[in-house]
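The sequence and structure are shown first.

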Amino acid sequence: MFGYTKHDLLCIIAVGTVYFLAAKLGLALALVHDTVTLFWPPSGIALAALLLFGWRVFPAIILGEFLANVSGALPIGSVIGISIGNALEGLAGYYLLRRCGFDMRLARLRDVGLLFLFGALLSAIVGAASGAWWITQAFDTSWTDYLYTLQYWWMGDALGIALFTPAILAWSRSEPIEWTRERRGTALLMLAVLLTACALIFSNIERGMLGLDLLFPLLIWISLSFSLRCVTSALLLVFVASIIGLLALGDLPASEMEELIQLVWLHNLMFGLTALSVAVLNTQRDQVEQALRLSKETLDRAQRVGHVGSWHLDIPNNVLTWSEETYRIFGLDSSQAPDYTKFISCVHPEEREMVAQAWEQAMLGEPYNIEHRILVDGQLKWVRERAEVIFDGNGVARVGDGTVQDITDWKQAQEDIQRLAYYDALTGLPNRSLLQDRLTQTVAAAHRDKDSFALMFLDLDRFKYINDTLGHHAGDEMLRVVARRLNEAIREGDTVARLGGDEFIVLLRETGADGALFVAEKLLTSVAQPLDIDGVEMSTDVSIGICMYPDDGSDAETLMKNADAAMYHAKEQGRNNFQFFTRQLNEKARQHFDMERELRLALERDEFELYYQPQIDLSNDRIVGLEVLLRWNHPRRGLVAPGEFIPLAEESDLIVAIGEWVLRTACGQARSWHDLGLQTIPMAVNLSLRQLRDKHLAALLKRLLEETALPHWTLELELTESVMLHDAQVALAFIAEVRGLGIMLSIDDFGTGYSSLGYLKKLSLDKLKIDQSFISDINNNPDDAAIVRTIINLAHGLGIRVIAEGVETQEQLEMLRAEDCDEVQGYWISRPLPSAGITEFIRNHH
């Protein structure tokens, strides 16, 4: 209503009620034997309410004043005029104070002055002038009566504002006092003294006016000891006591009564101005002291956190001052006055002369900035000291200000960083950086002395299997044991370094091929020894590649590359052996690197292509599936066989990106055939172990099927038995995940592994694919025929379909039909065809 909220209305009702009650009380105590008492709290309440709640409570003042006066002898017009005038008085004070930046917390002496000047003295004229006018109009009095009424009305309103407004603001805006036991005792004492003084002074006020001045020191005492809340309360107590004293007076001549009232008014006004001013100044002093104390505490805390102390030296008087943190750093008691003797006694004996010389140079104007050791309770610490010496106009040193910082942790961290920069954190062996430095130095020394040395590249065999099976804790422990054994197997001047993972380097100084061969055999034997980790006995082997300086390289980079190539050759030769580098290995390594580099570019250059080989149902000779086969159209080599680049892709982790391209392209091709009106045919895609370990693969499969809107059975994923052998847990977890998507699963190359029968009963498979090695001679070799027959019977017994691959003759086809094989694929049916060719094939067999 009229823009007022519910909160505004509640404020108006509350302020109007308080104003009405205060006005009724003021009217009741307004006269003493036909003389005014100047007791008018409503003026202070009105201004405080406007300052606290804003101009919206303006109607509350009019309403409260109107209700308080409406039952009196005044005409209704005068009541309304007086009510409006008193409200305008509050608004005037509110407006003037707001324009001058008045702070309701009375935080500055300026605010007290503004309140007394604009609030009490100036704005009170508005209400007094209006009220006196309406009184004159109501009773038809003279101009002299108007001025008399104006004076006392103004005095009452001014005193009400001077005393009640700050009291209300203090209790609503100022900080509360913390009442300790001691402070409560002081407050009770002050209250007792104040009450006694008021009783003595105001009980016989016409004779005790001189005693009013004795209240000044008492109120100043209160102002210096307590907050604004207590000060304003004491002022109100004195004011109420003075009013009671006036009310208790007998009949006095009018002139004496007026003089007495004016003196009481003046003293109360001065009491308020003086006490509030002293209280504000005292509060500001306390805030400054608190800020200084907080600043000191903050500085002490910052010094404690940063381990930085400070000190000050009065050089002419040889007076040294330390901060608390400086005492703590040097381990001395802060109750003892510091001096140079105590300081120098803490400095490490080997560095006292250096410190003394540094200070002598500082006294000559040189910078004082040193690091040195100190002894604290037998413990060694590092400190950094900085200082500035200030000289007077004659060049005489007057003051020294400095800091001391505990840098022990920083020094230790520097050592740790140095160690981490050049040593492996797990094994403590030199890392790649330190190895590079030592290898470079060894090359330079061997070149100078016309000497030779050997560089060995070692890689643990089957370490990844141990790490995946038993966990990283077991793998880390094995690396530490192997590192210790390698160190024990070499000479003191040689180096064992860890490159990372399970790769190590052994640098044999001043040795030939025979010495390298001897050490290599020793390393093979040492590493192969069984070890116990958490109660589990295990062992590992190592493959070693060896190259010789200067025959196999004249710089560190070439030697490392050639030793690496020799190590890979050792792995190809069956692992757990060592191989020396040869030129043929270098050429092979170069070709390997070139192919890997070109393979990385093949996806970007769109050099891959999918071929499809149809799968036929023997019961009706209809096409029931397509095996997706990847081909690489190399720009120079032509069509590269999968056997050449797939192992390299798996080794370099490119198989994940390539596999995603295969799946996406196959699904896209299936969607194209569907849009052409051809039947939707399941697409069999081979997956490697590395793809199965990709945690995003299942999500990719789901997304591809949703994007192409294909049935879930469109994809058939083929896993080889080798996948189950290498990481059965990963394979089983993946099978369970894709089974939830409804994708078909099959085992490829069945019969060539060793563990398929053990896992077959655990797997929820759709197909078994018999390896072509059993099909090629099925008509002539009874053993192959028996194996095929057994696989078919086993699969059918488990409810799994069987497909035979590599069918190349009619006889093989008829033999498989006779053995009740479900599906076949091979050259007899069709060679793998590109998309255009297989599209024609599908149309012909639709």
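How many bridges join strand E3 to strand E7, and in which direction do the two strands run? Seven bridges join E3 (residues 308-314) to E7 (residues 397-406), and the two run antiparallel. The model is a predicted one, in which local features need pLDDT of at least 70 and side-chain atom pairs count only at pLDDT 80 or more, while totals for chains, interfaces and linings use all residues. Residues are numbered from 1 along each chain as its sequence is written, and side-chain values use heavy atoms, with hydrogens and water left out.

**The five-stranded sheet**

Helices (H or I, at least four residues) and strands (E, at least two) are DSSP runs, numbered from the N terminus. Two strands pair if DSSP finds at least two bridges between them. Five strands form an open sheet in the order E4-E3-E7-E6-E5, with antiparallel pairing. The edges are held by E4 (319-322) and E5 (368-376); each has a single partner strand, so one side of each is left without a neighbour in the sheet. On average, neighbouring strands of this sheet are turned by 25 degrees against each other, direction ignored. Within the pairing of E3 and E7, Gly309 stands opposite Val404 in E7.

Two helices are in contact with these strands (heavy atoms within 4.5 Å). Helix H13 (residues 352-362) packs on the sheet and touches E3, E5 and E6 (379-391), its direction making about 150 degrees with that of E5. Helix H14 (residues 408-422) lies across E5, E6 and E7, running at about 120 degrees to E6. For these angles, axes are lines fitted to C-alpha atoms, for helices over the stretch in contact, and angles run from 0 to 180 degrees between N-to-C directions.

**Aromatic pairs**

Rings of Phe, Tyr and Trp (its six-membered ring) pair if their centres lie within 6.5 Å; planes under 30 degrees apart count as stacked, over 60 as edge-to-face and the rest as tilted.

| Pair | Centre to centre | Angle between planes | Class |
|---|---|---|---|
| Phe578 and Phe580 | 6.3 Å | 85 degrees | edge-to-face |
| Phe608 and Phe645 | 6.0 Å | 40 degrees | tilted |

The pair of Phe608 and Phe645 links distant parts of the chain, 37 residues apart: Phe608 belongs to strand E15 (residues 608-617) and Phe645 to helix H21 (residues 642-651). Burial is assigned by relative accessible area: buried means under 20%, exposed over 50%, and partly exposed in between (1.4 Å probe, protein chains only). Phe608 is buried at 5%, and Phe645 is buried at 0%, whereas Phe580 is partly exposed at 26%. Elsewhere, Trp322, Tyr327, Phe330 and Phe343 form one aromatic cluster.

**Two buried polar residues**

Lys571 is found in helix H19 (residues 556-572) and is buried, with a relative accessible area of 16%. Its side chain is joined to that of Asp461 by a polar contact of 2.9 Å. A polar contact is a pair of N or O atoms within 3.5 Å; within protein, one must be able to donate a hydrogen and the other to accept it, and residues adjacent in sequence count only if both atoms are side-chain atoms. Leaving aside neighbours within four places in sequence, Lys571 is in contact with Asp459, Leu460, Asp461 and Ser543.

Thr714 lies in the loop between helix H24 (697-708) and strand E19 (715-720) and is buried at 1% relative accessibility. The side chain of Thr714 reaches the backbone oxygen of Pro711 at 2.8 Å. With neighbours within four places in sequence again set aside, Thr714 is in contact with Ala670, Thr680, Ile681, Pro682 and Met683.
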